Structures are given as structure tokens and as C-alpha cells.
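Me: I would like to learn how to read a protein structure, one feature at a time. Where do we begin?

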Amino acid sequence: MEIRIQQLGLIGEAARQFISQIGTSTVFAFYGKMGAGKTTFIKAVCQELGVADVVTSPTFAIVNEYEAPLPPGEAGVGHIFHFDFYRIKRLEEVYDMGYEDYFYSGSLCFIEWPELIEELLPDDAVRVTIEEQPDGSRLVTTTV
């Protein structure tokens, strides 16, 4: 999948396009340089999924949890976990937080700075790369 975000005002449309193509995948590893727009894009995706809370970067908390309505026909709410591993110094920190309970819960997991925990990512994690283009637009590409 390849999505181009021409300007910030169109990020909601890009988020809807992303959501329409996630299928049954639940773990998404977001790669990109500092300032590429990873948090901004995840925030837009969460908003499009119906998260009512303010979505912020979990830089200091490492993980934020949000609730979103389940798809039509399903009752209740779903959980979305948003991780930022930028401040992780050792993999033991990730083990101690019980990462497996999140990654294998069946809930959506959006992970920033996954390169710091690469060996812990599930085999079926979707790699999402966000790159700033020379014209200032962002290119979002995914690979499994």
C-alpha cells in the first residue's frame, strides 16, 4: 500500500484509506525519521477509528491505551495501544512491561521507533514507513 499525504489538511482522508486496507492485521510498526509524522498519522488513524480521547505521544509513558467503538455489528469497544519506544535503553524494559500481553492481544497496536525492539515484533507485524518528500508531502508505505 502506498498513500501520499499532500498536506496536513488531508491527513484524515489518508487515515481512512489506511484503515480500509488494514484487514485483519493488528500490529503496525511505524518507521521514519524524527519529525516525519508518525505520531500525527497515528493520531489521525485513531480519530478515524472513533477514539474520543486526546491522542498524544506516549514518549514518557511508553504506551497509551485508547478505546474505540467496534465495527458495526459488534457490541462494545476495542482497545488500541500506542507505543513509543524512543526512550528504551534495554530490551529488558520491554519484557518487564509485558509487551506480549499487548502485541498478541488481538487489539490494534501502533508502534513508534520499532527498530529499537525489532527482534520482539511479531512475524506478521505490518511495517509502515513514513517519509517526508522534497515537496513537503509525506509518503506512507506498508510491507508485511
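Reply: We begin with a definition: helices and strands are DSSP runs, numbered from the N terminus. This is a predicted model. The elements of the protein, read from the N terminus on, follow the order β-α-β-α-β-β-α-α-β-β-β.

Me: How many helices and strands does the protein have?

Reply: There are 4 helices and 7 strands. With a radius of gyration of 15 Å, close to the 15 Å from the globule rule for 144 residues, the protein is as compact as a globular protein of that length. The C-alpha trace spans about 40 × 40 × 30 Å along its principal axes.

Me: How do strands of a sheet pair?

Reply: They pair through backbone hydrogen bonds, either parallel or antiparallel. In this model, 7 strands make an open sheet with mixed pairing, in the order 1-7-6-2-5-4-3. The edge strands, each pairing on one side only, are strand 1 (2-5) and strand 3 (63-69). From one strand to the next, the twist averages 20°.

Me: In what sense do strand 1 and strand 7 pair?

Reply: Strand 1 and strand 7 (residues 138-143) pair in the antiparallel sense, over 4 bridges. Arg4, for example, has Leu139 in strand 7 as its bridge partner.

Me: Which strands does helix 1 lie across?

Reply: Helix 1 (residues 11-20) lies across strand 1, strand 2 (27-31), strand 6 (126-132) and strand 7. Its direction is at about 170° to strand 1. Helix 2 (residues 38-48) also packs on the sheet, where it touches strand 1, strand 2, strand 3, strand 4 (77-84), strand 5 (108-112), strand 6 and strand 7. The direction of helix 2 makes about 165° with that of strand 5.

Me: Which residues of helix 1 are buried?

Reply: Buried means under 20% relative accessible area, and exposed means over 50%. The buried residues of helix 1 are Ile11, Gly12, Ala14, Ala15 and Phe18. They are on the same side of helix 1, because they cover an arc of only 160° around the axis. On the face turned away from that buried side, helix 1 carries the exposed residues Glu13 and Ser20.

Me: What covers the buried residues of helix 1?

Reply: The cover includes helix 2, together with strand 1, strand 2, strand 6 and strand 7.

Me: What share of the residues in the protein is buried?

Reply: Buried residues are 44% of the 144 residues. The protein exposes about 7,900 Å², and carbon and sulfur atoms supply 49% of that area.

How values were computed. Residues numbered from 1 in each chain as written. Predicted model: local features only at pLDDT ≥ 70, side-chain atom pairs only at ≥ 80, totals over all residues. Heavy atoms only, no water. Pairing = 2+ DSSP bridges. Helix = DSSP H or I, 4+ residues; strand = E, 2+ residues; numbered from the N terminus. Axes fitted to C-alpha atoms, helices over the stretch in contact; angles between N-to-C directions. Contact = heavy atoms within 4.5 Å. Rg over C-alpha atoms; globule rule 2.2 N^0.38 Å. Buried < 20%, exposed > 50% of the residue type's maximum accessible area, 1.4 Å probe, protein only. Areas by Shrake-Rupley, 256 points an atom, 1.4 Å probe, with all protein chains shown as cover. Arc of directions from axis to C-beta.
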